[in-house]
Amino acid sequence: MSIKLFELLLYASIYTVLISVVSILIGFAIAIFLSGMLLSRRTVFVVPAQIFISFFRGVPLLVQLLLIYNMLPAIGLNVPSIVAAIIGLSLCTAAYQAENMRGGFASVPVGLVESAEMVGLTSGQIFRRIKAPIALRLTFPALVNEAILILKASSLVSVVGVVELTRMAQDLAGSTFLPLQIFAAAGLIYLAINWMVALSGDIIERSLPGLPR
């Protein structure tokens, strides 16, 4: 395989990383909101969150992407395929991250919250200074794992016309008749990206403050 073909794969991998990072960040923001709804005692919040999570965890991601890609134009929203792909990945990862965050927030020691209330901290201060840091520390390994899963799952966005790493590999394999070399190179690029994500996650996790005893 020539250097030119490998450069094309590397260029396509930029879109893979971009789509994954944006989706993970958007999904994380949605997940925090959903986890708050799950922890609420009001049925009006809990039930919609449970339905959302059940749907996006129960329906295959490929079906979700095709559904969103075809649904958006049907409701008058003509967006680029990359936007539809990001929406699909964001909603899917939000469902999984929400469950992780819910578990993290539920694991915050009640005594810490009560002590914070006794010294006069507001609900917002308690969330920012106590609940959020502890929940993040508890769920960070799961969040890194989810990021790796989304990076690998981003290969599915090729079905909606996004030319990312997998789609580029398919196109090059078809035009050069070198499927083994092309897909082996694509696999190595995926491996390198995920290895860097795992390594970065390990470094960040070590820098996080320890849990209170």
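**A helix pair and its surroundings**

Modeller: Start with a stretch of chain. Over residues 51-69, the chain is 89% helix and 0% strand. The end C-alpha atoms of that stretch are 21 Å apart. Keep in mind that this is a predicted model.

The record puts a label on that stretch. UniProt, in an unreviewed entry, gives "transmembrane region" for residues 12-39, 51-69, 75-96 and 182-204. Residues 12-39 are 100% helix and 0% strand. Their end C-alpha atoms lie 40 Å apart. The record also has a wider label. In an unreviewed entry, UniProt lists "domain: ABC transmembrane type-1" for residues 9-201. That span is 84% helix and 0% strand, and its end C-alpha atoms lie 25 Å apart.

Now step back for a moment. The protein has 8 helices and 0 strands. From the N terminus on, the order reads α-α-α-α-α-α-α-α. The C-alpha trace spans about 70 × 45 × 25 Å along its principal axes. There are 213 residues, and 37% of them count as buried. Take the contacts between residues at least 6 apart in sequence: 75% of these join residues at least 24 apart.

Here is the pair. Helix 1 covers residues 3-39, and helix 7 covers residues 165-176. Their axes are 8 Å apart, and the packing angle is about 155°. How do the two helices run relative to each other? Angles over 145 degrees count as roughly antiparallel. Helix 1 and helix 7 are therefore roughly antiparallel.

Which residues make the contact? Helix 1 brings Leu5, Leu8, Leu9, Ala12, Ser13 and Thr16. Helix 7 brings Leu165, Met168, Ala169, Leu172 and Thr176. Sorted by type, the residues of this contact are 8 nonpolar, 3 polar and no charged.

Look at Met168 in particular. Leaving out residues up to four places away in sequence, Met168 touches Leu8, Leu9, Ala12 and Val163.

Met168 also turns up in the largest nonpolar core, which has 15 residues. Met168 is among those with the most contacts inside that core, as are Leu9, Leu165, Ala169, Leu172, Ile182 and Ile189. Helix 8 gives the most, with 6 residues.

Next, go to the loop between helix 6 (123-153) and helix 7. Ser158 is found there. Is Ser158 buried or exposed? Buried means under 20% relative accessible area. Ser158 has 10%, so it is buried. Its contacts include Glu164, Arg167 and Gln170, not counting residues up to four places away in sequence.

Finish on helix 6. Gly124 lies in this helix. At 31% relative accessibility, Gly124 counts as partly exposed. Gly124 and Arg102 are 22 residues apart in sequence and 17 Å apart in space, C-alpha to C-alpha. Asn145 lies in helix 6 as well. Asn145 is partly exposed, with a relative accessible area of 43%. From Asn145 to Pro48 is 97 residues in sequence and 26 Å in space, C-alpha to C-alpha.

Definitions and conventions
Residues numbered from 1 in each chain as written. Predicted model: local features only at pLDDT ≥ 70, side-chain atom pairs only at ≥ 80, totals over all residues. Heavy atoms only, no water. Axes fitted to C-alpha atoms, helices over the stretch in contact; angles between N-to-C directions. Helix = DSSP H or I, 4+ residues; strand = E, 2+ residues; numbered from the N terminus. Parallel < 35°, antiparallel > 145°, perpendicular 65-115°, else oblique. Contact = heavy atoms within 4.5 Å. Nonpolar A, V, L, I, M, F, W, Y, C, P; charged D, E, K, R; others polar. UniProt positions renumbered as here; feature names shortened; annotations may be inferred. Core = buried A, V, L, I, M, F, W, Y, C linked by side-chain atoms within 4.5 Å. Buried < 20%, exposed > 50% of the residue type's maximum accessible area, 1.4 Å probe, protein only.
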